Structure formats: C-alpha cells, structure tokens
Amino acid sequence: MKLLVLYWSMLLIGYVAGWRMRKREVSAAAVPELMTLAIYVLCLIMGLRMGADPQVTGNLGTIGVKALVATVFCIAGSMLSIFVVRKILHMDRYGNLKGKTKEEELPIRREEGGKSGSDLKITLIIVATVVAGMLIGAFGIASMEQGNIETFDSVSSDLLVICLCILMGFVGMDLGFSGTVIQNIRKAGWRVICFPPAAVAGSLVLGSFACMFMGFSLREGLAISAGFGWYTYAPAVISGAGQQYAIAGAVSFVHNVIRETAGIVFIPLAARKIGYLESTGIPGVAAMDVCVPIVGRSCREDTIVYSFATGLFMCLVTSVGVPLIMGI
C-alpha cells in the first residue's frame, strides 16, 4: 500500500507540474524523450533481474506460449464485453445510435505523419533492451557468487521503485500539460463511460481464467490480466512483490508487449470486420496514446474519445489494481 501511495503521489505531482507548465506556456518538448529514457532504463533493469533468475531462463519456451494464450483471452474478453454493451445501448458497429443517420462503411481517416511507425520502433527498442538485459543477467550476473547475487537483487529492486516513480511523474506531467483529459470525455456524452468498465471486466475474467488453466494462482492471473498492455509498469510491480513471482512477472511483460503490438497490427482489421468500438479494446492502455493515430485512421474522429477513455480507465485500474492484487 505504501508503494501505491508513492506511485500515485508522483503521478499527481507530475500532473500539477504539467498543468502549471501549460498555464505558463512553458515548453514540455523534452518530457516525451525523458519518459522514453526512463522506460528504457526500467526495462533494462527488469531484463537483468529476469535473466539472473534461473526460474525465468529455465522456462523461456513456456513463458512465450503462456503469454500468447493470456493475450488472446484478454483481448477476446475486452472485445466481447464491448460488443455486448454496444448492443444493450442500441448502437451499430460504427458507434451510431440505431434509427439515426448511418455513416458510410468506409471510415473517415486523418493523416498522422507515420507516428504509429515511430511508436512501433520504440516498442521494438524496448523489447531489444529487455532481451539484452536478460542476456547480461543470464551470462554475467547469474554466474556471480550467491552473496553478490543477493546484493544485486536488493539494489535492483530499489532501482525498480525509483524508476517507476520517475515514470509515473512523467506520465502525470504529460497528462497535465495536455489539459484535455476531462474535455475529451465530456464531448462523447454519458455512453462513453459504459465501455471502459466492460472492457476491463471482460479482460480480467477471461484472462485470469486462462492463466489459472495454465497453472497460475488467481492472484497471479488477475495481476497478469490487469496489466492491460502496460509493460513498463505491471511486470515491474509483479516482479517486485517477491522472487516467487518471477515467472508471473516475465509472462506479464511478454503478454503486455504482445497486447500493445496486437493493437498496432489488428485495429484496422477489427474496425472494418467487427466494429469501431470493439477495436478500441485490443491494445489496452495504448488505446489512449500509441494507438490513437491508428484508431483515427481506421475509424472516425469521435471514436478516438472512446479509445482514449478506455485506455485511460485501464491505466487507472492497472496503477491501482496490480499493487493491490499483489498485496504491496
């Protein structure tokens, strides 16, 4: 609970700082770069810890399969729940209320200058950073004497907390500087608040069921499913809860990377074949940032508000839920 208060305090401090910067018209151009740097450092530390743990390195094959299965069930749960809510609210697959003028099947697109390609590049760099850390951990740190390994585990655990605090501060600063969080949600009306809880519930139910079927405990299954694609936060919290959760932390990281990547790849297909609103449930928290340009091109401008609301709600649930589930 102490760490949860610490993380949220950093988020709030960052939000206030970003809000004041916007009011004073101070440039925040360096915030995204600093946030990315913090993410790289965090992922490197996570990779080192996973590589130095024989439980992780000895089960890499099964980790990938379990992560893929968890991702499929989590995404299916979110999309199915959104579909059910959409039907209950009498909305068509384009997000229109039935009985009103229907939009053309071809979506309204907007140009984004290749931002999604840049985000995919960052994702690939993050994966490469974790892999490099795991290799160093497996062939370097793991071969050290037991006393040194225990020291590394203690120091790296503290560094994880520090990096998470810094990252949460930058996330809050970015939200505060944008100044459009509440405004964007209001524009969509009351219906927008029905979809995020449904997407979260569906992901948790089917995701935790799949994880338990693969041998994880209910706590681990819920924590893995509650990551919602936030691969720089949830795996670190899970791993930091104790060495006994090393495998769950590794599966969480791979699962969350796959979920965000799935959003980048499959949102256009899901929007055309299934529904605009359903497609926003694929990427998890990335629905409010990384995948927004893809939603804008594949769906309509107003779908972005639903996407942002879903991603934001998942972000809040992850930041609160994962520490609570893990008992931190």
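Student: Does Glu278 count as buried or exposed?

Tutor: Glu278 counts as buried, at 1% relative accessibility. Buried means under 20% relative accessible area, exposed means over 50%, and partly exposed lies in between, for a 1.4 Å probe and protein chains only. The model is a predicted one, in which local features need pLDDT of at least 70 and side-chain atom pairs count only at pLDDT 80 or more, while totals for chains, interfaces and linings use all residues. Residues are numbered from 1 along each chain as its sequence is written, and side-chain values use heavy atoms, with hydrogens and water left out.

The side chain of Glu278 meets that of Arg86 in a salt bridge, at 2.7 Å from N to O. The pair ties together parts that are 192 residues apart in sequence, since Arg86 lies in helix α4 and Glu278 in helix α12. The term salt bridge denotes a side-chain nitrogen of Lys or Arg within 4 Å of a carboxyl oxygen of Asp or Glu. Arg86 is likewise buried, with a relative accessible area of 3%.

The structure holds two salt bridges. In the other, Asp153 and Arg49 meet through their side chains at 3.3 Å, N to O. This pair also links distant parts of the chain: Asp153 belongs to helix α6 (residues 146-178) and Arg49 to helix α2 (residues 30-52), 104 residues apart. Asp153 is partly exposed at 30% relative accessibility, whereas Arg49 is buried at 12%.

After α4 comes His90, with a positive phi near 60°. His90 is located in the loop between α4 and α5 (115-139) and is exposed, with a relative accessible area of 53%. Phe228 also has a positive phi in a residue other than glycine, near 50°. Phe228 is part of the loop between α9 and α10, but it is buried, at 0% relative accessible area.

Helix α9 (residues 218-225) has Glu220, Gly221, Ala223, Ile224 and Ser225 as its buried residues. These pack against α4 (60-88), α8 (195-213), α10 (234-240), α11 (246-273) and α14 (303-325).

Ala287 is buried, at 0% relative accessibility. Apart from neighbours within four places in sequence, Ala287 is in contact with Thr280, Val292, Ser307, Phe308 and Gly311, where contact means heavy atoms within 4.5 Å. The C-alpha atom of Ala287 is 9.5 Å from that of Gly229, although the two are 58 residues apart along the chain.

Helices are DSSP runs of H or I with at least four residues, and strands are runs of E with at least two, numbered from the N terminus. Of the 328 residues, 51% count as buried. Among contacts between residues at least 6 apart in sequence, 81% join residues at least 24 apart.

The accessible surface comes to about 14800 Å², of which 68% belongs to carbon and sulfur atoms; such areas come from the Shrake-Rupley method with a 1.4 Å probe, and for residues only the protein chains shown count as cover. Leu12, Tyr15, Val16 and Trp19 make a nonpolar surface patch of about 370 Å². Patches consist of residues with over 30% relative accessible area and no salt bridge, with like charges joined within 9 Å and nonpolar side chains (Val, Leu, Ile, Met, Phe, Trp, Tyr) within 5 Å. One of the members, Val16, lies in helix α1 (residues 2-23) and is partly exposed, at 34%.

Finally, the structure holds zero disulfides, a disulfide being a pair of cysteine sulfur atoms within 2.5 Å. For Cys163 the nearest cysteine sulfur, that of Cys165, is 9.3 Å away. The sulfur of Cys211 is 6.3 Å from the closest cysteine sulfur, in Cys74, which is too far for a bond. Both Cys163, at 10% relative accessibility, and Cys211, at 0%, count as buried.
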